[in-house]
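Hi,

Here is the structure I promised to pass on.

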Amino acid sequence: AGQHFAAHLECLPAIRLRLAGFSTTQTLADELRPACAAEGWRADVSQAHFGEAIAELMSPQEDRDALLVFLDLDGFAPRDWRNSTADGFKLLTERAELLGDALGTFAERSRIPLLINTIPSASAPTAGLLDRRHEMGLRRSIDIINALILGVAERSGRIAVIDADQALAEL
């Protein structure tokens, strides 16, 4: 059966996908091939080096059909307990602004589409009932990052945003 599937896969139209993230993308790369095959595509998947999502956005290449950037909060904006609340919030906003600038650069320079996910909602607050308002609130951090992604995508015809909460709800 494996030989027949491989032969069938070779007959499908190819799509060249580039994966980038702030953490490892290997597991996602492995799952993209069969997922694309189920939809009628043979995915040729390449991966950026670990943590090079910003570099991929800032210098988009046209030798692929789409760039996929996978965000996770721990990889994108890790929290360091040694930082003060003000310093931690400053680092978060600087990283978010850097991502926004990189997304804007991609939208201006690239002719290929970008798929990027939002950060999923926190399962538990880090600042109790003030989680959405406190500088170290996990929900506030997620809201800042997601609002930035959605804002840039709204102004661009090349950026599609995958709602992580919706995607995870269907699992």
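A disulfide here means a pair of cysteine sulfur atoms within 2.5 Å. By that test, the structure holds zero of them. Cys11 is in no disulfide, the nearest cysteine sulfur being that of Cys36, 17 Å away.

Before the rest, some housekeeping. This is a predicted model, in which local features need pLDDT of at least 70 and side-chain atom pairs count only at pLDDT 80 or more, while totals for chains, interfaces and linings use all residues. Residues are numbered from 1 along each chain as its sequence is written, and side-chain values use heavy atoms, with hydrogens and water left out.

On accessibility, buried means under 20% relative accessible area, exposed over 50%, and partly exposed in between (1.4 Å probe, protein chains only). Cys11 counts as exposed because its relative accessibility is 67%, whereas Cys36 is buried at 15%.

Now the inside. A nonpolar core is a set of buried Ala, Val, Leu, Ile, Met, Phe, Trp, Tyr and Cys residues joined through side-chain atoms within 4.5 Å. The largest one has 30 residues, and those with the most contacts inside it are Leu57, Val69, Leu71, Leu99, Leu103 and Ile145. Helix H5 gives the most to this core, with seven residues. (Helices are DSSP runs of H or I with at least four residues, strands are E runs of at least two, and both are numbered from the N terminus.) Apart from this core lies another, of nine residues, including Leu32 and Val45.

Leu57 is worth a click. Taking contact as heavy atoms within 4.5 Å, and leaving aside neighbours within four places in sequence, Leu57 is in contact with Val69, Leu99, Ala102 and Leu103, among others. Ala102 sits in H5 (residues 85–109) and counts as buried, at 0% relative accessibility. Beyond four places in sequence, Ala102 touches Ile54, Leu57 and Met58.

Last, the helix pair. The axes of H5 and H6 come within 9 Å and cross at roughly 15 degrees; axes are lines fitted to C-alpha atoms, for helices over the stretch in contact, with angles running from 0 to 180 degrees between N-to-C directions. The two helices are therefore roughly parallel, a label for angles under 35 degrees. Residues making the contact include Phe89, Leu92 and Leu99 of H5 and Ile144, Ile145 and Leu148 of H6.

Cheers

Methods
Parallel < 35°, antiparallel > 145°, perpendicular 65-115°, else oblique.
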